[in-house]
Amino acid sequence: MKILLTGANGQLGSCLQDLAETNPQFTVIATDFQDLDITNEQAVIDFVASTQPDVIVNAAAHTAVDKAQTEVELATAINAKGPEYLAKAAKQVGIPIIHVSTDYVFDGTATTPYLPTHPAKPLGIYGETKWQGEEAVRNTLAEHIIIRTAWVFSEYGNNFVKTMLRLGGEREELGVIADQYGCPNYAGDLAAAILHCCAQIKGGNTAWGSYHHCGDLPTSWHGFTRAILAEGLAQGKLSKAAKLNAIKTEDYPLPAPRPAYSVMDCGSMFDAWGVGASDWRNALSRVIAKL
Ligand SMILES: NC(=O)c1ccc[n+]([C@@H]2O[C@H](COP(=O)([O-])OP(=O)(O)OC[C@H]3O[C@@H](n4cnc5c(N)ncnc54)[C@H](OP(=O)(O)O)[C@@H]3O)[C@@H](O)[C@H]2O)c1
């Protein structure tokens with residue numbers, strides 16, 4: 001099965017390439033900005049027509065949540081228009097698209113895990129443009145899987161796990177937000193879920209629609225950091241760890257507002273595609289071992 005992968009050098013893209021390499025049923029056409037700029041409609045149409053993939057996996061995004069507040073045009077081009085062009089191109093050659101979105105489409109006022117059908121109400125530009133991208137995909141091509149994920153970490157790129165390991169080793173004390181709740185997800189587990197969907201599509205599964213895939217247990221950024229530092233110490237990656245202090249969102253002002261609660265229900269993904277939530281604590285241990 002030939003997969004056209006966009007954003008191939010990002011966290012998800014890198015993990016997906018690693019996994020696909022070990023599975024002979026997949027051939028990945030790996031592209032990032034320099035090979036295929038998803039904001040260039042004609043380039044997208046031409047690339048898809050000439051490479052003739054069996055499925056498109058869109059892992060490209062403008063993921064700098066705070067920068068997006070001032071880079072509205074760029075975030076819109078990458079997060080909203082790019083997915084639309086990819087869906088259009090997929091439609092022209094008669095293939096499905098798997099598009100990745102975010103928990104930041106929600107406003108965080110729920111008190112029970114978000115279902116994929118819950119009304120979106122993004123708080124910032126990143127969430128708003130990702131929502132527009134979702135809608136563009138839904139309105140362009142029926143044969144789509146939109147997978148919302150959250151709090152992504154991996155051995156690749158810059159992410160929360162790497163930052164906290166570094167700061168936890170450098171500082172005496174560390175204040176981390178304890179009143180925002182979500183479900184960390186390992187990019188490798190999300191990549192495995194996407195490849196599982198690809199195989200299922202090949203096998204005839206047509207459960208098109210919007211789904212959630214994230215970690216199995218909710219935590220706060222503070223709780224996540226505690227797990228990161230404990231694992232860093234246990235594996236000898238840290239000789240000592242900073243004293244961890246719980247702080248409130250208002251104590252750490254950032255340009256983009258974040259949902260206070262973005263726990264997502266992954267049940268329908270399991271029912272439709274046989275993919276369960278990520279065991280993020282186990283994945284965290286494996287990722288830290290690789291660093
Ligand atoms: N990271 C998270 O915590 C998180 C949370 C929820 C949802 N998600 C979603 O999960 C997906 C994967 O996230 P990730 O963490 O793997 O993101 P990432 O590491 O930031 O990777 C995104 C990739 O897309 C590339 N890209 C940017 N603009 C492009 C363009 N115009 N054309 C082609 N490629 C372009 C980036 O290249 P440059 O680096 O050169 O810009 C980067 O390699 C995204 O849809 C994201 O919205 C992520």
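## Ala207 and its loop

Ala207 sits in the loop that links helix H6 (187-202) to strand E10 (209-212), where helices (H or I, at least four residues) and strands (E, at least two) are DSSP runs numbered from the N terminus. The model is a predicted one, in which local features need pLDDT of at least 70 and side-chain atom pairs count only at pLDDT 80 or more, while totals for chains, interfaces and linings use all residues. Residues are numbered from 1 along each chain as its sequence is written, and side-chain values use heavy atoms, with hydrogens and water left out.

If neighbours within four places in sequence are set aside, Ala207 is in contact with Ala272 and Trp273, contact meaning heavy atoms within 4.5 Å. Between the C-alpha atoms of Ala207 and Gly169, which are 38 residues apart along the chain, the separation is 46 Å.

## The ligand and its shell

The shell around the ligand holds 26 residues, of which Leu12, Asp32, Thr63, Tyr126 and Lys130 come nearest; a residue is near a molecule or strand if one of its heavy atoms lies within 4 Å of it. Helix H1 (11-21), strand E4 (97-102) and helix H4 (125-140) each contribute at least two residues to this shell, and the largest share, three residues, comes from E4. By residue class the shell divides into 13 nonpolar, nine polar and four charged residues, with Ala, Val, Leu, Ile, Met, Phe, Trp, Tyr, Cys and Pro counted as nonpolar, Asp, Glu, Lys and Arg as charged, and the others, Gly among them, as polar.

Strand E1 (residues 2-6) is largely enclosed by the rest of the structure, because four of its five residues are buried, where buried means under 20% relative accessible area, exposed over 50%, and partly exposed in between (1.4 Å probe, protein chains only). E1 pairs with strand E2 (residues 27-30) in the parallel sense over four bridges, two strands being paired if DSSP finds at least two bridges between them. Within this pairing, Leu4 stands opposite Ile29 in E2.

E4 is mostly covered, with six of its six residues buried. Ile97, His99 and Ser101 point one way from the strand, while Ile98, Val100 and Thr102 point the other way. Strand E3 (residues 55-58) runs parallel to E4 and is joined to it by three bridges, with Asn58 standing opposite His99.

Asn9 lies in the loop between E1 and H1, and it counts as exposed at 52% relative accessibility. Not counting residues up to four places away in sequence, Asn9 touches Ser14, Gln17, Asp32 and Gln34.

His144, in strand E5 (residues 144-149), is buried, with a relative accessible area of 8%. The side chain of His144 reaches the backbone oxygen of Leu141 at 2.7 Å, and beyond its neighbours within four places in sequence His144 is in contact with Ile97, Val137, Arg138, Trp208 and Gly209.

In helix H5 (residues 160-170) the buried residues are Val161, Met164, Leu165, Leu167 and Gly168, and their cover includes strand E6 (152-153), strand E7 (173-177), helix H7 (221-234) and helix H9 (280-290). At the start of H5, a side-chain oxygen of Asn159 reaches to within 3.1 Å of the backbone nitrogen of Val161.

Ser154 lies in the loop between E6 and H5 and is buried, with a relative accessible area of 0%. The side chain of Ser154 reaches the backbone nitrogen of Tyr156 at 3.0 Å. Leaving aside neighbours within four places in sequence, the contacts of Ser154 are Gln11, Cys15, Asn159, Lys162, Tyr186, Ala187 and Val287.

Definitions and conventions
Polar contact = N/O pair within 3.5 Å; in protein donor to acceptor, adjacent residues only side chain to side chain.
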